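Subject: Structure for you to look at, with notes

Dear colleague,

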Amino acid sequence: MEYTFSDRISGVQPSAIREIFKVLEDPTVISLAAGNPSPETFPAADMARIASDLFRDRPGPALQYGITEGYGPLREQTAARLRARSGVGGPDDDLIITSGGQQGLDLAARVLLNEGDVVVCEDPSFIGALNALRAYNAKLVGVPMDAQGMDVEALERTLRDTPRAKFIYTIPTFQNPCGATMPADRRARMLALAHRYNVLIVEDDPYFELRYSGAPVPAVKSLDTDGRVVYLGSYSKVISPGMRVGFVCAPREIVAKMTVAKQVSDVHTNLFFQMVVSEYLQRCDLDAHIADCRRLYVQRRDRMFAHVRGWGDRVRSACPDGGLFLWCELPDGYDGMALCRLGGRRKVAAVPGQTFAVDDQKPSPGFRLNFSMPTPEQIDHGMALFGEALDELLGC
Ligand SMILES: Cc1ncc(COP(=O)(O)O)c(C=O)c1O
């Protein structure tokens, strides 16, 4: 039987990352490639207690269908937390619980994009988002990054020259893969440009609570006065990604359309886990838990960055103020993919920058290292092996 697939999905290629992840099938390989939070941080004991109480005391609601917008108490708790922590959400906004932040991206694309519409995004950017947008036949136009996030001068030129731009997709805080955070003045400028060129902004913010240094920066959504920003968030990085609980805070009309789109997709987010998160927020101290996560991750970040410093000026890198990733760039003319292949032969895995590029055929000097998953010993060993790969590639 020969199958013909939709144009929509035929345009989405399995990412180059698969080649690197093949290396990971070998259990002796040290992975600096994942984007996962450390399992050491999962609040399993609290969740076990909550889960058992829910099944004993409220099995009906926990195992029944729920409403598409999400479990009422969790929507209220999430909205209150967002307002208090980052000033996100006003009287004209609404909030929907999604199956992870990833579904928020899918819903944003589904309700906002027609075929051929342009999405202006940071280049490089989160592969899950790029593929979600590609799946709707959006045309992606990349804007270069620097140490302070998206280059807003380049953004202005792009918006001026791109008539069908529908929205800007940005990860302004601890960007994946670059780790960069956009300062407040750039955020304000991005918002002003969105206003001038009449485009929306989709702000993807799953990492903002994982800050280890530097002062907090206001969410773009908190600066929005004319309903231009769709804000995507998630409990994945601060509680657990396996639960698949995320959220979108956006103007009411947009959330209403997303609700229709979600209904035909998965009816609602797993109700049991929505209730677990809600109970966790009520009975436990999420802020104290996040503080523990930060303490663990800052040590790993510093340990990994010390190794990067030891590589000297052979690698350009900046220490990120938060998130889960360190981004490095080789000298001009060298390819991050080649380095990752050499790493793979030494049984250490990282992700080549090309994977995150808007044009994924174009070689990139970058590569992404994750510091949340490996233990301190794995960081030391993995970075030493990577250092050897670097010596081999750069010939010193
Ligand atoms: C920038 C960004 N957005 C969204 C997600 C999706 O997270 P989840 O669907 O687990 O909430 C990720 C996951 O790595 C991410 O890095």
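Predicted model: local features only at pLDDT ≥ 70, side-chain atom pairs only at ≥ 80, totals over all residues.

Why can strand β7 (residues 200-204) be called largely enclosed by the rest of the structure? The reason lies in the burial of its residues: 5 of the 5 residues of β7 are buried, so the strand is largely enclosed by the rest of the structure. Buried here stands for a relative accessible area under 20%. From β7, Leu200, Val202 and Asp204 point one way while Ile201 and Glu203 point the other way, and all of them are buried.

Strand β6 (residues 165-170) runs parallel to β7 and is joined to it by 4 bridges, with Tyr169 standing opposite Val202 in β7. Strand β8 (residues 229-234) also pairs with β7 in the parallel sense, over 4 bridges, and here Asp204 stands opposite Leu232 in β8. Between β6 and β7 comes helix α9 (residues 184-196), and β6, α9 and β7 make up a right-handed β-α-β unit.

Asp204 leads on to the ligand, which is surrounded by 13 residues, the closest being Gly101, Asp204, Tyr207, Ser234 and Ser236. Taken alone, the ligand exposes 400 Å², and the protein buries 92% of that.

Some points of backbone geometry deserve a look while you have the model open. The peptide bond that joins Asp123 and Pro124 is cis, with omega about 10°, and Pro124 is found in the loop between β3 (118-123) and α7 (127-134). A cis peptide bond also runs from Asn176 to Pro177, with omega near 15°, and Pro177 lies in the loop between β6 and α9. Phe174 is likewise found in the loop between β6 and α9; its phi is near 50°, a positive value in a residue other than glycine, and Phe174 is buried, with a relative accessible area of 1%. Lys347 also has a positive phi without being glycine, near 70°, and sits in the loop between α14 (336-345) and β12 (348-349), where Lys347 is partly exposed at a relative accessible area of 36%.

Finally, the charged side chains. Side chains of opposite charge can pair when their charged atoms come close. The structure holds 31 salt bridges, and I describe a few of them here.

Glu279 and Arg58 meet through their side chains in a salt bridge, at 3.3 Å from N to O. This pair links distant parts of the chain, since Glu279 is in helix α12 (residues 271-283) and Arg58 is in the loop between α3 (44-57) and α4 (59-63), 221 residues apart. Glu279 is buried, with a relative accessible area of 11%, whereas Arg58 counts as partly exposed at 29% relative accessibility. Both belong to a network of salt bridges that links Asp53, Arg56, Asp57, Arg58, Glu279 and Arg283.

Arg81 forms a salt bridge with Asp287, their closest N and O atoms being 3.0 Å apart. Arg81 lies in helix α5 (residues 72-86) and Asp287 in helix α13 (residues 286-310), so this pair ties together parts that are 206 residues apart in sequence. Arg81 counts as buried at 16% relative accessibility, and Asp287 as partly exposed at 32%.

The salt bridge between the side chains of Asp266 and Lys262 (3.0 Å, N to O) lies within one helix: the two residues are 4 residues apart in helix α11 (residues 252-266), and are therefore separated by about one helical turn. Lys262 is buried, with a relative accessible area of 0%, while Asp266 counts as partly exposed at 25% relative accessibility.

With best wishes

Definitions and conventions:
Residues numbered from 1 in each chain as written. Heavy atoms only, no water. Buried < 20%, exposed > 50% of the residue type's maximum accessible area, 1.4 Å probe, protein only. Pairing = 2+ DSSP bridges. Right-handed = clockwise from strand over helix to strand, strands pointing away. Near = heavy atom within 4 Å. Areas by Shrake-Rupley, 256 points an atom, 1.4 Å probe, with all protein chains shown as cover. Salt bridge = Lys/Arg side-chain N within 4 Å of Asp/Glu carboxyl O.
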